[in-house]
Amino acid sequence: MDFYYLPGSAPCRAVQMTAAAVGVELNLKLTNLMAGEHMKPEFLKLNPQHTIPTLVDNGFSLWESRAIMGYLVEKYGKDDKLYPKDPQKRALVNQRLYFDMGVFYQRFGDYWYPQIFAKQPANPENFKKMEEAAGFLNTFLEGHQYAAGDELTIADLSLAASAATYEVAGFDFSKYPNVQAWLERCKKNAPGYDLNQAGADEFKAKFLSGM
C-alpha cells in the first residue's frame, strides 16, 4: 500500500497513526512538494488535485486525510471502535473530523502559513481565532476522555496531529486544561504517536526555527 506523504504534514501524520492503529504497513513515498514532485504526470494520474496525503491500495487511489482514515478503519480495522458504525456515534466522530479540518487545523494554517511561506507579519486576529478553536475543543472534551466520547477514535488521531503542530509552534495549552489532559492521554495511548511527534518536530525544525 503506497502512501505519498511528508512527515511534517499533520494530515499525513494522522493517517500514519490510523495505519498503526489498524495494523497496516504503509509503503512510504516521500513527496517533495518544493521540487514539484506532486505535479509530475505519474502523480497527477493518481491524484488530479496533486495533494498529499495520497494513498494507493492495490490500484485504488484516495486522498484527503480524513477520508483515508475512515477507509483504513472500514477495510482493515478489527472492530469499529475507531470509527463506530452506530449512526449517532459516527456522526459525532464526523463532526469532530470536520471541526479539525475546517476550524482547528485550518486556523493554525491561517495564522502560521502566511508567516512561513509569504514572510508576512503575524496577524493577532488570526491568533485569537486559534485560541477560540482551542476553546471549542476544550468545551467538547468537558466530561469526556476523548474528542467524541470516552473511546479513542480517528477524530482524536486527526485532532492530535493538529494539536502536536500547535504545541511545537509554542501554543500554550495550559489555558485549556481539558485539551492539555486529552493531549497527554493521546501521547500515551494513540498508536503511532511517536511518528506524530517526530513529524511535528521536523515541521518545527524546517519551518519554525528562528521565527
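Trainee: At roughly what angle do the axes of α3 and α6 cross?
Mentor: They cross at roughly 145 degrees, and the axes come within 10 Å. Keep in mind that this is a predicted model.

Trainee: Is that crossing right-handed or left-handed?
Mentor: The crossing of α3 and α6 is right-handed.

Trainee: Which residues make the contact?
Mentor: From α3 they are Arg66, Met69, Gly70 and Val73, and from α6 they are Ile154, Leu157 and Ser158. Sorted by type, the residues of this contact are four nonpolar, two polar and one charged.

Trainee: Staying with α3, how far apart are its end C-alpha atoms?
Mentor: They are 16 Å apart. Helix α3 has twelve residues, 65-76, and at 1.5 Å a residue they should span 16 Å, so the two values agree.

Trainee: Which residues of α3 are buried?
Mentor: Ser65, Arg66, Ile68, Met69, Gly70, Tyr71, Leu72 and Val73.

Trainee: You mention α1. What does valine 22 touch?
Mentor: Valine 22 is in helix α1. Not counting residues up to four places away in sequence, valine 22 touches Leu72, Val73, Tyr76, Gly77, Lys78 and Leu82. Take Lys78: it is 56 residues from valine 22 along the chain, yet their C-alpha atoms are separated by 7.1 Å.

Trainee: Is valine 22 buried or exposed?
Mentor: Buried, because its relative accessible area is 7% and the cut-off for buried is under 20%.

Trainee: What about glutamine 16, where is that?
Mentor: Glutamine 16 is also placed in helix α1. With a relative accessibility of 9%, glutamine 16 counts as buried. Leaving aside neighbours within four places in sequence, glutamine 16 is in contact with Phe3, Tyr5, Leu26, Leu28 and Leu195.

Trainee: New topic. How many salt bridges does a search of the whole structure find?
Mentor: Nine. One of them pairs arginine 90 with glutamate 74, with 2.7 Å between the closest N and O atoms. Arginine 90 is in helix α4 and glutamate 74 is in helix α3, so this pair ties together parts that are 16 residues apart in sequence.

Trainee: Why do such side chains pair at all?
Mentor: Opposite charges can pair when the charged atoms come close.

Trainee: Is arginine 90 buried or exposed?
Mentor: Arginine 90 is buried, at 17% relative accessible area.

Trainee: Which bridge involves lysine 187?
Mentor: Lysine 187 forms a salt bridge with glutamate 167, and the closest N and O atoms are 3.1 Å apart. Lysine 187 sits in helix α7 (residues 177-189) and glutamate 167 in helix α6, so parts 20 residues apart in sequence are tied together. Lysine 187 is partly exposed at 28% relative accessibility, and glutamate 167 is partly exposed at 28% as well.

Trainee: Which residues do shared partners join into one network?
Mentor: Glu74, Lys85 and Arg90.

Trainee: What does glutamate 125 pair with?
Mentor: With lysine 128, the closest N and O atoms being 3.5 Å apart. Both are in helix α5 (residues 124-140), three residues apart, which means about one helical turn separates them.

Trainee: Let's do loops. Where is threonine 153?
Mentor: In the loop between α5 and α6. Threonine 153 is buried, with a relative accessible area of 3%. Beyond four places in sequence, threonine 153 touches Lys81, Leu82, Pro84, Val93 and Ala148.

Trainee: And which peptide bond is cis?
Mentor: The one from isoleucine 52 to proline 53, with omega near 5 degrees. Proline 53 is found in the loop between α2 (41-46) and β3.

Trainee: What is phi of histidine 50?
Mentor: It is near 50 degrees, a positive value in a residue other than glycine. Histidine 50 is placed in the loop between α2 and β3. Lysine 119, in the loop between α4 and α5, has a positive phi of about 55 degrees and is not a glycine either.

Methods. Residues numbered from 1 in each chain as written. Predicted model: local features only at pLDDT ≥ 70, side-chain atom pairs only at ≥ 80, totals over all residues. Heavy atoms only, no water. Helix = DSSP H or I, 4+ residues; strand = E, 2+ residues; numbered from the N terminus. Expected span 1.5 Å × (residues − 1). Buried < 20%, exposed > 50% of the residue type's maximum accessible area, 1.4 Å probe, protein only. Contact = heavy atoms within 4.5 Å. Axes fitted to C-alpha atoms, helices over the stretch in contact; angles between N-to-C directions. Left-handed = near helix turned anticlockwise from the far one by under 90°. Nonpolar A, V, L, I, M, F, W, Y, C, P; charged D, E, K, R; others polar. Salt bridge = Lys/Arg side-chain N within 4 Å of Asp/Glu carboxyl O.
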